[in-house]
Amino acid sequence: MRWIDTLEAAAAEKLPEPVHRYFRQGSAGGITAGEAVAAWGSYRFRPHILTDVSAVDLRTTVLGTPLDVPVMVAPTTLQRQADPAGERAMAEGVAAANSLLGVSSNAGTTFADIGAVGAPWWLQIYVVKNRDVTLKMLDKAVEGGARAVVLTADTPVVGRKEDDGPTIWEVIPPEHLLANLDEDEYEADDLGKADDLTPDVIGWLAERTGLPVVVKGVLRGDDAKRCADAGAAGVIVSNHGGRQLDGAISTARALPEVAEALSGSSTELYVDGGIRRGEHVLAALALGARAIFVGRPALWALTVSGSAGVTRLIGDLGVELEHAMRLIGVPELASLSPDLVER
Ligand SMILES: Cc1cc2nc3c(=O)[nH]c(=O)nc-3n(C[C@H](O)[C@H](O)[C@H](O)COP(=O)(O)O)c2cc1C
């Protein structure tokens, strides 16, 4: 059996049940979460033959940061439940793979400690009702060396989860969630998600941090254009792993329209959600993504094998992508194009 496919079951053996459930679950009826992987598998390729694929190059850059393989780790919370060293172990695994890490606003490790590992990282921000609290977190991320701010834009409210059994919030220690705010820096009410955001927030974040802003949660071409027009340096086609609006379109299906809307613009395009195989990465890149993110697979790999598991996950996806690029007859990432995918 393929190692990546063994990870979730192996992680389930090690994790407390509410944590495993939290990592895997989608919102509401679980439709969007449930169809994410199959949506990538529904694409068919139109390979070239008789091209020289003796040397395949997987290296790329994201906002100027070099990657060995166009696979990055998505921001996820509760990594200290997966591994005692939490985000530090995730960062070590990412560093060894020469990749890049998304770090959640709800991290259980300080940004300074994550930054000290040396992996390039982007801060994922939930802008909250009290903007001063958001600014405090942004300042700490800048100090910790974040190279970009990822604005999660699909969460004006947190998607409803339908739990049987104790929820995660009943079992985890609070310090696993908000290591980057001191207790005296906020009141409970401050942390409600801002539900009045407009594209102006992109300029605000860029100005306050001096960093490029990437908008996460884009599922439509017109919204991608609004983000680009407002100064976004990148957008991530994402439905939050099916954890926000249930029934939202799969990212595999949303990607082509977003790529078309951004064609000719300098805004970089990334995608996440249900990407589990080299062939899925290949489809994503051919349809216009510059690189992809994995969420749950990185949590499973961290649980099962710590930082080495994260390194192996990224490496294995790279090996599969390289193999698939040989078979599709395209040796470099820049030559992957939508005509390689039947739509
Ligand atoms: C357990 C878990 C926690 C997550 N936490 C966050 C978060 O704090 N901020 C955020 O923007 N996205 C969060 N996400 C969404 C991921 O960044 C990403 O969009 C998604 O997991 C990608 O789908 P995949 O898990 O199928 O690869 C979380 C996802 C999971 C599974």
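Me: Where is L78 placed?
Reply: L78 sits in the loop between β4 (71–73) and α4 (79–82), where helices (H or I, at least four residues) and strands (E, at least two) are DSSP runs numbered from the N terminus. The model is predicted, so local features need pLDDT of at least 70 and side-chain atom pairs count only at pLDDT 80 or more, whereas totals for chains, interfaces and linings use all residues. Residues are numbered from 1 along each chain as its sequence is written.

Me: And what phi does L78 have?
Reply: Its phi is positive, about 60°, although L78 is not a glycine. Most residues other than glycine have a negative phi.

Me: Is L78 buried or exposed?
Reply: L78 counts as buried, because it has 20 C-beta neighbours inside 10 Å; the cut-offs are 20 or more other C-beta atoms, placed from the backbone, within 10 Å for buried, 12 or fewer for exposed, and partly exposed in between.

Me: What about H240, where is it found?
Reply: H240 is in the loop between β9 (234–237) and α11 (251–262), and it also has a positive phi, about 65°, without being a glycine. H240 is buried, since 25 other C-beta atoms lie within 10 Å.

Me: Changing topic, how many residues surround the ligand?
Reply: There are 23 of them, and the closest are A74, S104, G241, G295 and R296, counting a residue if its C-beta atom, placed from the backbone, lies within 6 Å of the molecule. By class, this shell has seven nonpolar, twelve polar and four charged residues, with Ala, Val, Leu, Ile, Met, Phe, Trp, Tyr, Cys and Pro taken as nonpolar, Asp, Glu, Lys and Arg as charged, and the others, Gly among them, as polar.

Me: At what angle do α1 and α13 pack?
Reply: Helix α1 (residues 3–14) and helix α13 (residues 296–328) pack at about 165° with axes 10 Å apart, using lines fitted to C-alpha atoms over the stretch in contact and angles from 0 to 180 degrees between N-to-C directions.

Me: Which residues in α1 meet α13?
Reply: From α1 these are W3, I4, L7, E8, A10, A11 and K14, and they meet P297, W300, A301, T303, V304, L313 and D316 in α13, where contact is C-beta atoms, placed from the backbone, within 7 Å. This contact is made of ten nonpolar, one polar and three charged residues.

Me: How far apart are the axes of α12 and α13?
Reply: They are 7 Å apart, and helix α12 (residues 278–286) packs against α13 at an angle of about 65°. On the α12 side G278, E279, V281 and L282 take part, meeting L317, E320, L321, H323, A324, M325 and I328 in α13. Seven nonpolar, two polar and two charged residues make up that contact.

Me: How many residues of α12 are buried?
Reply: Eight of its nine residues are buried, so α12 is largely enclosed by the rest of the structure. The buried residues are G278, H280, V281, L282, A283, A284, L285 and A286, and just after the helix G288 takes a positive phi of about 120°.

Me: Last one: where is the place of R131?
Reply: R131 is in helix α7 (residues 131–143), and it is partly exposed, because 15 other C-beta atoms lie within 10 Å. R131 and D52 are 79 residues apart in sequence and 54 Å apart in space, C-alpha to C-alpha.

Methods
Two residues are in contact if their C-beta atoms, placed from the backbone, lie within 7 Å.
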